[in-house]
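This briefing concerns the structure shown below.

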Amino acid sequence: MSAIYTTDEYGRPFIIVREQDKKSRKSGIEATKSHIMAAKTVANIVRTSLGPRGLDKILISPDGDITISNDGATIMSQMAIENQIGKLLVELSKSQDDEIGDGTTGIVVLAGALLEQAEELLDRGIHPIRISDGFERACKIAVAHLDKVSDVIPWSKDDTSDLFKCAKTSLGSKIVNKCHDQFAQIAVDAILAVADLERKDVDFELIKVEGKVGGELADTALVHGVIIDKDFSHPQMPKEIKDAKIAILTCPFEPPKPKTKHKLEITTVKEFEELQKYERETFETMVRQVKECGANVVACQWGFDDEANSLLLQHKLPAIRWVGGPEIELLAIATNGRIVPRFEDLSKEKLGSAGTIREMCFGTTNDNMIVVEHCANSKAVTVFVRGGNKMIVDEAKRSLHDAMCVVRNLVLDNRVVYGGAAAEISCSIAVEKEADQVSSIEQYAMRSFARALDVIPMTLAENSGLPPIETLSYVKSQQIKQGVWSLGVDCMDTGINDMKEQFVFDPLISKRQQFLLATQLVKMILKIDDVIVHRNDEQ
């Protein structure tokens, strides 16, 4: 028991709390420094994954599932982090992933660098609130400078070369860079297929990414239609149907059953025969209703009896059973069909239409998938990813998602900044310049913000096998001398530092979001000065 109820000598009740020994407490600078240490440790884990030459991490779950990835959000979410401040960094990368889709590693590295700089300022006796204010001021300058150095990239449905280059930049650090051009083109085509260009809106629900182990990454393809990971319910059904009219059902091919618990007693052979006859008539009525509405393919969310399956074959009605909920919805959107909950509701107007429905076979495994192509609504697409093993397929899916997010961001706002840390270096120069004109103590925090931005190019250089300080000094001096904001770190060792010539682009909204979110998190951590931890009895 954590408290005792008792009374004093006058009979007045009071409570004695006995749990102080089960609490630990840190306060003041000690608490802030312990938070900074936790955040730096987490940030250093993903630091080596930044950039096109970044390394992968292997994560093994308690069940023994293996994930190989260099995607910041994936690494952070798979790590079982106990520390509360470490969990805030996980949330930081997740919010960047949800909102933008790319730049999840960079944002964690930037937050770690800002906290590292904040620790030095705390050692110099500067108050955490003054540091927060200085960082906030510097962030505003950096974001305003990003707008100044951004370029608008023109694109249209006919000319997508600039979108393609941005998708390539995103895929540069991923496992799929062996099929760089192909994956970048798939990302661009998939987004433009479903994008509403008038409203500048992209519905990711219309893009399904399906993977199958086997083949190689180069076999990955974009299908303008739907792929369902099922086969036809009977092996003798035709493997290809042209001009398909699809009945999309969420009711099973089974005789009706009472909703409540029921018991059926059969005492004679005649009663059993009557029941059998009733079942057969029910199945025949169901098949007839499907046939009469003009359908020549059935997609059903539930399973059906062997007898129903046999009847469907006799009536030349190919059927797909156990189609999942998301696939049923996507199939309905793609074919302009209606999902029908009862056989009585079937009508010609509710049928979906597709040019071809065919069954695909893979190798010697008897694995089949159904491809629905040339649909009435061309907005729904499926990316079919192949790979040598499950880990490669999963990582290829994640990489493709990041590339599609980059293209989506450019559809929303077609302004870009230059990659290779060119944007960070130019913002660092701008913040340092402004800091010289600030008379208050915030100037120290602003210079620290500029130094934190320099960590990104140094990390890129380090991960690419280049001398970090030397590379940063050279690029920074060239930017100041030439006044060209597109000079960055030449990670691929091409001999060209101009990212404009290398076509290394980052969407402006992605970079801006990185600066704003990282600064917000650091401000929040600096404002915590007291931690009280309640321990369990077992501890």
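**Pocket, aromatic contacts and cysteines**

The lining of the largest pocket comprises 16 nonpolar, 21 polar and nine charged residues. The model is predicted, and the values below are computed from it. A search of the whole structure finds two aromatic pairs and zero disulfides.

**The largest pocket**

- The volume of the largest pocket is about 950 Å³.
- Its lining consists of 46 residues, and those nearest the centre of the pocket are P52, T169, S170, G172 and V504.
- Helix α6 gives the most to this lining, contributing five residues.
- Elements that each supply at least two lining residues include α4 (104–123), α6 (161–171), α11 (390–412) and α13 (442–463).
- Towards the end of the numbering given here, α15 (499–502), β20 (505–507) and α16 (508–526) also each supply at least two residues of the lining.

**Aromatic rings and a charge over a ring**

- Two aromatic pairs are found in the search of the whole structure; in one of them, the ring centres of Y418 and F505 are 5.7 Å apart and the planes meet at 55°, so the pair is classed as tilted.
- Because Y418 belongs to strand β19 (residues 415–418) and F505 to strand β20, the pair ties together parts that are 87 residues apart in sequence.
- Both partners are buried: Y418 has a relative accessible area of 8%, and F505 has a relative accessibility of 6%.
- Strand β20, which holds F505, is also among the elements that supply at least two residues of the pocket lining.
- In a separate contact, the charged end of K165 sits over the ring of F503, at 3.9 Å from the ring centre.

**Cysteines**

- A disulfide is a covalent bond between the sulfur atoms of two cysteines.
- C300 is buried, with a relative accessibility of 0%.

Methods: Residues are numbered from 1 along each chain as its sequence is written. This is a predicted model: local features need pLDDT of at least 70, side-chain atom pairs count only at pLDDT 80 or more; totals for chains, interfaces and linings use all residues. Side-chain values use heavy atoms; hydrogens and water are left out. On a 1 Å grid over the protein atoms alone, a cavity is a set of points where a 1.4 Å probe fits but cannot get out, and a pocket is an open set with protein on both sides within 12 Å along at least five of seven lines; lining residues have an atom within 4 Å of a point. Grid points are joined across faces, edges and corners, and a volume is the space filled by probe spheres set on the points. Helices (H or I, at least four residues) and strands (E, at least two) are DSSP runs, numbered from the N terminus. Ala, Val, Leu, Ile, Met, Phe, Trp, Tyr, Cys and Pro count as nonpolar, Asp, Glu, Lys and Arg as charged, and the others, Gly among them, as polar. Rings of Phe, Tyr and Trp (its six-membered ring) pair if their centres lie within 6.5 Å; planes under 30 degrees apart count as stacked, over 60 as edge-to-face and the rest as tilted. Buried means under 20% relative accessible area, exposed over 50%, partly exposed in between (1.4 Å probe, protein chains only). A charge sits over a ring if NZ of Lys or CZ of Arg is within 6 Å of the ring centre and within 35 degrees of the ring normal. A disulfide is a pair of cysteine sulfur atoms within 2.5 Å.
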